[in-house]
Amino acid sequence: MSLSYKVYDFPPILRGKQLFHAGGQAFDGGFTSGGARVLTPEPGGRGILNMEFAIQRNCPADPIVSWICSMIANGNIFRIPISFTPQIVPLSDLGVSELSEGAPWSEAGMTPEGPWENGQNWASDVLVEAVATALAGTVTLVVDFGSLPLVLRLGHLIGHDDVTYLVEDIEYDGTTATITVNPPLRNTVAQGDLVTFRPKMMAVARNPDSFRGLYEPADIIRLGSVEFVEALI
Amino acid sequence: MSFYDKLDAYYTAGADLSDIRAVVRRCYHFSFKGYDVRMWQGQGKLHTDGGQEWLGYMTYDGQPFLRPPRIADGRDGTAPTYEFGLMLMDLPGMPAKVAYEEMKKFQDVVVGRPLTIYLALLEVGEGLRPNTPLEFFKELTMQSSRFEEKIEWDGTSMVKRYSVTILAKDGNVGRSAVPGGTYTDTVQKDRARQLGVGLDRGCEFVAGLADRTYVAA
């Protein structure tokens, strides 16, 4: 008997506010002689994603809202794309603004047009390559930007293997960037692995009750805010 | 640099105690038969040399999966009973339910197996892969276990929990036990007979040699 998790892709519900933070926790560390309180950062910690939702249509019934009201509970794991937020590097800064709408189906060479086209474009991604191995648990990552502009800065989010990391510090040497990430790398990044600017996060909702709390049988609804905590798999 | 060398380096004569630059946490290795559980006092996976992964036993809201007891100094010769409350968790290749059933069914999964405690020194900026090797702290022997499974409403969802209470003792255990036999000719011959050995003369001269004074030639 082996263990397998089912990971659900988070549906494209309109988000009003979203913040990823990876400050981790702190614990009381002592007092300085001046009496000021000192907090010592907890080693490790977890990534947390706070999300609030925009007003959206519910009626005629959009069953995805009903689906998520149930699925968000019971520790189900969601793969949540971190999008629509200033925390990720804009595509225009990366010089590929034509990808902002995603890659259209027609461009994929689908002739005749895809039999299962859903009207939405393909998700786009911009990737850089790791030039050195970074072991799981460490906090430093070295990537090569190649021909991309050096636009990654402190506070941006990057991703590897469905884990989202906050760029705590970055130092450029030519096109090579040494990035300090938080939380620590959950998986080993091998040389040649791709690091994405469109990260996804595996997370579990911490307070599904408050998400469901604002549900109404109305035409237009607004769902409650929810806090997602990084799932360590 | 070893654990204590590094601590010494931090606490030099001029150091201010409020300058906190390193964190020391405990790591617990439960060596159940066929089911190694490594846990550390924190969150997330701690990686050590040799490819070991230690699972953080604190959840994000501070709930522990492991309730370790306070460890006493063994120099007074006593062997206190330590109770470890351990909530079993799914591990690759060993889901919690299977581990729970195995432990209940076969007592050698727990009894007599070692439980080793280490100290980990985590420096600021080091992430979850400490450069300092783990320092040995205490070894206990697991003596017995108690079991409890329950379904709980944790406020947001129904959760099935498998918990095991591990009773462990340190190396002082058994010091006050009554000896299993005496070292005399009669008893030794009887013990040999019980084991199917015809004649064991190993203790024939023990009585005769007692209370003598021996000097070097």
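Okay, quick definition before anything else: two residues are in contact when their C-beta atoms, placed from the backbone, lie within 7 Å. Keep in mind that this is a predicted model, so local features need pLDDT of at least 70 and side-chain atom pairs count only at 80 or more, while totals for chains, interfaces and linings use all residues. Residues are numbered from 1 along each chain as its sequence is written, with chains lettered from A and ligands numbered from 1 in the order written.

Chain A, then. We get two helices and 16 strands, taken as DSSP runs (H or I, at least four residues; E, at least two) numbered from the N terminus. Of its 233 residues, 26% are buried, meaning 20 or more other C-beta atoms within 10 Å of their own. Among contacts with a separation of 6 or more, 67% join residues 24 or more positions apart.

Now the largest nonpolar core, with 40 residues. A core here is a set of buried Ala, Val, Leu, Ile, Met, Phe, Trp, Tyr and Cys residues joined through C-beta atoms within 7 Å. Leu49(A), Ile80(A) and Ala203(A) are among those touching the most other members. Strands giving two or more residues include E5 (48–53) and E14 (200–205) of chain A. Why does it lie between domain 1 and domain 2 of chain A? Because both give residues to it; those bounds come from an automatic or database assignment. Leaving aside neighbours within four places, Ala203(A) contacts Leu49(A), Phe78(A) and Phe228(A), among others. A second, separate core has 33 residues, including Met39(B) and Trp40(B).

How values were computed. Buried ≥ 20, exposed ≤ 12 C-beta atoms within 10 Å, placed from the backbone.
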